[in-house]
Amino acid sequence: MGKLFGVIGDPIAHSMSPVMHNDAFCDLHLDHHHYFPFHITNDQLEDAVKGMNALGIEGFNVTIPHKVKILPLLDDIDPLAKAIGAVNTVVRENDNFVGYNTDGLGFIRSLKEEWKKSLVNEKVLIIGAGGASKAIYFSLIHDGVQSVDICNRTIERARQLIDGCPYPSQSNILTMGEAEEMLGDYSLIIQTTSIGMSPHVMDTPISLKNIKPNTHIVDIIYNPFETALLKEAKQRGATTSNGLGMFIYQGAIAFEKWTGITPNIERMKKIVMNHLGGSTPC
Ligand code: ATR
């Protein structure tokens, strides 16, 4: 029998989730599974969730600006998503809509695949204290990573983020200037702000002059594939990852929750890269 899935957001036309999930359905011969983009504005959100429930939609992704506001509209929330205070994946379970957050988990899976290190004893710095930073920070702490510090332009926001974490953590808060001076202390640096995103591709949030050469730097941006920060990191001998892996894995984990099947990650990456590069998906 056919099953319907989708993504809700505003704007939504740019979303690569439909092409990625529909291709995975096709790859797995789930011929009657379909994934649609739904343009839902703030004032339509409540009706949209009711409508999706009534239509029997099996699951959907949630993107900007609904990740936080959707929580009270769902029947149940997974504990990690509740702690983060944001949902990006909804699954129909026993006729209830249950909210999950696969962003941070997707980040960790992708990082483990690309960096191939156990993260637990690494010294980590996160740049930024917005929604993406929160999902990553909570998921790292939840995963047992011992040392994760945060630097942010607005110090108070970093403090609120750390104070709001329900899992035991010992984290320091740094100004951007302090972080810049101390970058050599960190083996993993995660850039979560929008600085460097297209069209402002020359911008960087921080100078990397003090990093150790073997540091790993992740920028969660994937448009462009290589931000100015990652270019500088490479020049200084660091290894790098962009945000494509996080995007793919957050989708792959959602796909697993909906279907019970792990999709072909390499194929997902290829289809998204083709799409970003402007070619037509199969
Ligand atoms: P998201 O949910 O995508 O993480 P967000 O909640 O708006 O987005 O957070 C954006 C992050 O980028 C924040 O850490 C923000 O810093 P502030 O908390 O000080 O606002 C950071 N950011 C965005 N533009 C910035 C800029 N021009 N300089 C420094 N930090 C910036």
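Which loop holds Pro65? Pro65 sits in the loop between β3 (59-62) and β4 (76-77). This is a predicted model: local features need pLDDT of at least 70, side-chain atom pairs count only at pLDDT 80 or more, and totals for chains, interfaces and linings use all residues. Residues are numbered from 1 along each chain as its sequence is written, and side-chain values use heavy atoms, without hydrogens and water.

View 1. The Ile64 to Pro65 peptide bond is cis, with omega near 10°. The bond from Asn223 to Pro224 is also cis, with omega near 10°. Pro224 belongs to the loop between β11 (216-219) and α8 (228-235). His29 has a positive phi, near 60°. His29 lies in the loop between α1 (17-27) and β2 (33-39). Helices (H or I, at least four residues) and strands (E, at least two) are DSSP runs, numbered from the N terminus.

**View 2. Ligand shell.** Residues surrounding the ligand (a heavy atom within 4 Å) include Gly128, Ala129, Arg157 and Ile195.

View 3. A ligand oxygen is 2.7 Å from a side-chain N or O atom of Asn152. For Arg153, the distance from a side-chain N or O atom to a ligand oxygen is 2.8 Å. A polar side-chain atom of Thr154 lies 2.4 Å from a ligand oxygen.

**View 4. Helices α9 and α10.** The axes (lines fitted to C-alpha atoms over the stretch in contact, with angles from 0 to 180 degrees between N-to-C directions) of α9 (residues 244-259) and α10 (residues 265-276) come within 10 Å and cross at roughly 125°.

Note on methods. A polar contact is a pair of N or O atoms within 3.5 Å; within protein, one must be able to donate a hydrogen and the other to accept it, and residues adjacent in sequence count only if both atoms are side-chain atoms.
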